[in-house]
Amino acid sequence: MSAAAGFNELKFRDPLRARALLERLGTTLEAIGRTPVSVMHVCGSHEQAIARFGLRATLPRALNVIMGPGCPVCITDVPEVDEGVALARQGVRVATYGDMMKVPGTKWSLADVQARGGRIDVVYSVSQAVELARRIEEPLVFFATGFETTAVATAAAVLDNPPPNFFVLSAHKYIPPVMEIVAEMPETRVEGFLAAGHAATITGWGVFERFVERHRLPVVVAGFEPLDILAGLLRLVELIRDGRSVVENMYPRCVTKDGNLRAQEQLWRVFRPIGGRWRGIAHVPNGNLRLRSEWSRLDARQQFDIDLQALWDAAPPALVQQCICGEIMAGLKGPHDCALFGRDCIPEAPVGACMVSSEGTCRIWHEYGGHPDLSDGGTEVPHYTNAVTAGGRHDFCAR
Amino acid sequence: MCLGVPGKVLVVHETSATVDFWGLRKEIRLDVVDEPVQPGDYILNHVGYAIRRIPPEEVDATLALYEELLKHAVEQPDLMAADIRGEIAAAGENT
């Protein structure tokens, strides 16, 4: 039996069950009796599944599912991209995940530098970067991005005796602190969080207990299959209805209360949390992961003179200043509120990071289009609430 | 980067395992996974590292959870599988 057969048998995609879940979601929202009820998910994979399966088009209008700062590519800050760009422009060989290539820096992306002769290797895994470093003699800097799920892989590579020419430029981020930031934003309308199952696989759902106490907001950990997401949303709305601020784990096949302790041990042995900016969001206390001082021999920031000032002198900021990715990721605005969306900012030439990643809000909206409002004669007016539908692909702009 | 992909373990080596993802076979590191992994197990792969062994009984528990939520099946194209194939294919030479 192949893996595919095995997982299809799990019946996590049964349309009848999906319909039944949607009905319960509808009646629960009616019981709440006000509209909209706004919840936020903090994971690009959630948004991808929601768009892929057309879930947003089927969700009750009274439910506003906001995509939060859950895309690791999108929240990598401009100066962090600039560090990778500066290193590559200084002639250092850089390896990174493919998603990072087009992410705009102040002026250039890594793809721009590569087009100008910079040596940049795209890898799927940090283990590939280590293997590459073993095959060459010159220094190789791994530009390490992503949340705790990805950071544990970097930690494992650091602990596995990498060759002396292997270095890490860490732009890793840690999710729990940014949920605090969003919850504390004065304008926030978020009444509950759908937490990402994979990050919680590492941290455990227990990491959210203090959060729900402090902010009186429910958190539901959900997986990535359509039924996982629907069941997670239903549970979250039920908790909102009942006024219960608790953590519930709707992804027990992968998430435990304590999480993966072996992974956490490796993560915190290699990294320490420090405050730092998330692109467009804010300064997030303890939101960034940097190499501990005992690993400074691998730390690209310690071992290379990364000359950002020279880079900035050579490359004044451009359109990126008009980008509202941060407000979009904070759930305050939608892609259509951005003057650049679909015009100056398209997947082929992104200005904001949200348009770069396949997990970014703007990219997903651009790919899957606005919601065709069938209620008033079928005019296709994209609007923010419940705006993504799968299948229907509407081009907002000339590509 | 942030898609976690489940796969079935075929062969276990010292620090890695050969894992089947929808017919595609990849070497996946076992540095991070917190339980011993055996052939036949399912694991959750994230950027070439197994982050979790998925025990069969917890799969059942999740199913039971849904059964409880629901009472009430039709074909639909499996688009998520296409995304996941893309993620696996992106593993490139990581075989």
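Me: Which residue does Leu194(A) stand opposite in S8(A)?
Reply: In this predicted model, Leu194(A) stands opposite Val220(A).

Me: What makes S7(A) and S8(A) a pair?
Reply: Pairing needs at least two bridges. S7(A), residues 193–196, is joined by two bridges to S1 of chain A. Four bridges join S7(A) to S8(A), residues 219–222. Both counts meet the cut-off, so both are pairs. S7(A) runs parallel to S1 and parallel to S8(A).

Me: Why is the contact between Arg24(A) and Glu238(A) called a salt bridge?
Reply: The limit is 4 Å between a side-chain nitrogen of Lys or Arg and a carboxyl oxygen of Asp or Glu. Here the closest N and O atoms are 2.9 Å apart. Arg24(A) lies in helix H2 and Glu238(A) in helix H12, so the pair ties together parts 214 residues apart in sequence.

Me: Why is Glu238(A) called buried?
Reply: Buried means under 20% relative accessible area. Glu238(A) has 8%, so it is buried.

Me: What makes Arg24(A) partly exposed?
Reply: Its relative accessibility is 29%. That falls between the cut-offs of 20% and 50%, so Arg24(A) counts as partly exposed.

Me: Why do Asp242(A) and Arg241(A) count as a salt bridge?
Reply: Their side chains meet at 2.8 Å, N to O. This is within 4 Å, so the pair qualifies. Salt bridges with shared partners also join Arg24(A), Arg235(A), Glu238(A) and Glu248(A) into one network.

How values were computed. Residues numbered from 1 in each chain as written. Chains lettered and ligands numbered in written order. Predicted model: local features only at pLDDT ≥ 70, side-chain atom pairs only at ≥ 80, totals over all residues. Heavy atoms only, no water. Buried < 20%, exposed > 50% of the residue type's maximum accessible area, 1.4 Å probe, protein only.
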